[in-house]
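Please look over the sequence and the model below, and then follow the text from one open space in the protein to the next, ending at the ligand.

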Amino acid sequence: MKDILKNIGDIGLIPVVVIEDSMLAVPAAKALIDGGLNIMEITMRTEEGIKSIEKVRKAFPDMLVGSGTVLSIEKAGECVDAGAEFVVSPGFDPELVRWCQEKDVVVIPGAVTPTEVRQALKFNINILKFFPGGIFGGVKGCEALYGPYRMVKFIPTGGVGLKNLVDFADKPYIHSIGGSWLCPCSDINNKNFDKITAIVKESINILLGFELAHIGINAENEEESLSFAKTFSGIFGFNLKEGNSSNFSGEGIEVNKHKGAGAMGHIAIRTNSIPRAAYYLRQKGYGIDWNTRKGTEEKPVAVYLDNEIGGFAVHLLQK
Ligand code: 3PG
């Protein structure tokens, strides 16, 4: 159960999908997978929802498939029988939550007020849908609830899209971000599957927010490190910042005081979330050497990839 919720957090995006013709469920799922998303929340807003869950589960057994807009215990039962691995409901329904917990089914109920959050906590639920997010204050609404309820994380949906995704991407209280923009019903119906794939790719890029942080030079010793850093600062006027294990010239050039990682040195890439970046890099076949982690397991602040690229060690840096 924990793994599914963790997986949802690492993936960081949940396409909330309305399918009007279950024949289009598998190509829609494939479009998401082609873009890099291995998750789909199929809503119960149409008659075709249940059949769609069945078809996608069969076609892509590795895809994480959940059911959305689940408004009754009966419907939850149908979803689980069809293969849904998690159940999402827009509001907080104690009976539905109890039923899911008794059946060991992952449930993500909605909550947008302190009273609802409190109720969820009584059921030991700390990952909550925040819907309709846009109406209830968006990221500011989530942040306000996180003030007193530090043990809760939200999955905002409703009003999230390419334009405001970035606002949610680096927040510690946002578990994942959901919405229909990732797989619009109209694009499914018009078979615009390439468009869906392109939206997904763009969204993942925004979610991860990779950017070059600095390059790292390996000096032989303290003296050489300071001399190199001073040279850069002397030429380009970058601010010199002396540190314990390295010196910086500006933000972009680090000079280690010893032979650090990487035959040629290292390159640091900033990201909105190291755990999510690690997940997506793994999908692309690049591993992380967690022994190099700085920060805690919960909140890593830096970690190296397990392979060099072009003689450079590469590390991620939490924004
Ligand atoms: C949901 O059920 O989560 C929302 O309807 C998705 O909202 P959106 O269409 O604004 O993304």
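The second largest pocket has a lining to which strand 9 (211-218), strand 10 (240-242), strand 11 (246-249), strand 12 (253-256), strand 13 (265-271), strand 14, strand 15 and strand 16 (312-318) each supply at least two residues, where strands are DSSP runs of E with at least two residues, helices are runs of H or I with at least four, and both are numbered from the N terminus. This is a predicted model, in which local features need pLDDT of at least 70 and side-chain atom pairs count only at pLDDT 80 or more, while totals for chains, interfaces and linings use all residues. Residues are numbered from 1 along each chain as its sequence is written, and side-chain values use heavy atoms, with hydrogens and water left out.

About 690 Å³ of space lies in the second largest pocket, a volume being the space filled by probe spheres set on grid points that are joined across faces, edges and corners. Of the 26 residues that line the second largest pocket, H214, S246, F248, E254 and H315 are the closest to its centre. A pocket here is found on a 1 Å grid over the protein atoms alone, as an open set of points where a 1.4 Å probe fits, with protein on both sides within 12 Å along at least five of seven lines, and its lining residues have an atom within 4 Å of a point. The lining of the second largest pocket divides into 7 nonpolar, 13 polar and 6 charged residues, where Ala, Val, Leu, Ile, Met, Phe, Trp, Tyr, Cys and Pro count as nonpolar, Asp, Glu, Lys and Arg as charged, and the others, Gly among them, as polar.

The largest pocket has a volume of about 1500 Å³, and among its 42 lining residues K6, D10, K153, H175 and E298 lie nearest its centre. Helix 1 gives the most to this lining, with 6 residues. Why does the largest pocket lie between domain 1 (2-208) and domain 2 (211-318)? Both domains give residues to its lining, so it lies between them, with the domain bounds coming from an automatic or database domain assignment.

Turning to the ligand, V16, R45, K129, F131, T157, G158, G159, G179 and S180 surround it, each with a heavy atom within 4 Å of it. Among the polar contacts (pairs of N or O atoms within 3.5 Å), an oxygen atom of the ligand is 2.4 Å from an N or O atom in the side chain of R45, and a polar side-chain atom of T157 lies 2.7 Å from a ligand oxygen atom.

Methods. Polar contact = N/O pair within 3.5 Å; in protein donor to acceptor, adjacent residues only side chain to side chain.
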